[in-house]
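Below is a note for a colleague who is opening this structure for the first time. Please read the numbered points with the sequence and the model side by side.

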Amino acid sequence: MNKNKTSGSASGIIRIISGLHRGRKLPVLDAQGLRPTTDRVKETLFNWLMFKIQDKKVLDAFSGAGSLGFEAQSRGASEVVMLELSPQVADQLKKNADTLKCSNVTIKQTDTIKYLKECNRSFDIIFLDPPFRTGLLEESLKLLNDTIAPQGCLVYVEHEKENEPELPKKFKLLKEGHAGQVTYSLYEIVAD
């Protein structure tokens with residue numbers, strides 16, 4: 001397993017379930033608050049997206065371990081933008097992208113809220129899985145304007161079960177599941 005000199009070692013792994021990089025395991029940095037999406041939840045999500053991910057532009061807004069972004073790339077997304085606040089975690093994401101030789105993955109070490117406020121491009125699929133109990137989910141949901149998330153955009157939301165976020169009217173629930181204390185949902189952006 002790779003060592004990260006700036007903040008300890010990569011102490012965990014994520015596994016890519018399907019697609020181009022099926023079965024590949026990538027190191028995950030041991031960082032406070034890092035909570036990779038479980039394989040069970042990830043498999044369910046990508047079953048929902050099975051025929052919708054090919055050639056799509058994806059934003060993984062709170063990348064963390066990169067589990068969702070790398071899975072999307074492996075399954076045929078044309079472009080994946082991964083946002084991560086921690087410089088050390090972003091460096092690990094870049095190493096993992098290099099390992100996979102992902103030329104269509106961009107890792108930005110940035111504050112997601114700032115990025116969403118300044119973003120002037122659109123995405124087809126957006127993953128919102130911020131650290132729990134931080135208020136970041138509610139804040140980021142409010143920033144998904146018509147430019148970033150146009151009509152037809154799919155938005156995946158993962159949150160603690162006891163903290164149901166207030167969703168904009170334009171969010172139409174397509175699928176929902178529960179795993180332990182986590183609720184995960186897929187929405188489509190529709191006309192207001």
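1. Phe127 is buried, with a relative accessible area of 0%, where buried means under 20% relative accessible area, exposed over 50% and partly exposed in between, computed with a 1.4 Å probe on protein chains only. Tyr156 is likewise buried, with a relative accessible area of 0%.

2. On the basis of the note: this is a predicted model, in which local features need pLDDT of at least 70 and side-chain atom pairs count only at pLDDT 80 or more, while totals for chains, interfaces and linings use all residues. Residues are numbered from 1 along each chain as its sequence is written, and side-chain values use heavy atoms, with hydrogens and water left out.

3. Phe127 and Tyr156 form an edge-to-face aromatic pair, at 6.2 Å centre to centre and with 80 degrees between the planes; rings of Phe, Tyr and Trp (its six-membered ring) pair if their centres lie within 6.5 Å, and planes under 30 degrees apart count as stacked, over 60 as edge-to-face and the rest as tilted. The pair links distant parts of the chain, with Phe127 in strand E7 and Tyr156 in strand E8, 29 residues apart; helices (H or I, at least four residues) and strands (E, at least two) are DSSP runs, numbered from the N terminus. Together with Phe46, these two residues form one aromatic cluster.

4. The open sheet has seven strands in the order E6-E5-E4-E7-E8-E10-E9, with mixed pairing; two strands pair if DSSP finds at least two bridges between them. Strand E6 (105–109) and E9 stand at the edges with a single partner strand each, so one side of each is left without a neighbour in the sheet.

5. Phe171 has Ile189 as its bridge partner in E10, and Gly177 stands opposite Tyr184. Two residues lie between the strands of this hairpin, where Gly180 takes a positive phi near 60 degrees.

6. His159 also deserves a look: this residue lies in strand E8 and, at 2% relative accessibility, counts as buried. Leaving aside neighbours within four places in sequence, His159 is in contact (heavy atoms within 4.5 Å) with Phe132, Leu137, Glu164, Pro165, Gln181, Val182 and Thr183.

7. Helix H3 (residues 87–100) has 14 residues and reaches 20 Å from its first C-alpha to its last, close to the 20 Å expected at 1.5 Å a residue, the expected span being 1.5 Å times one less than the number of residues. Val89, Ala90, Gln92, Leu93, Asn96, Ala97 and Leu100 are buried in H3; they cover an arc of only 155 degrees around the axis, which puts them on the same side of H3. Lys101, which follows the helix, has a positive phi near 60 degrees.

Notes. Arc of directions from axis to C-beta.
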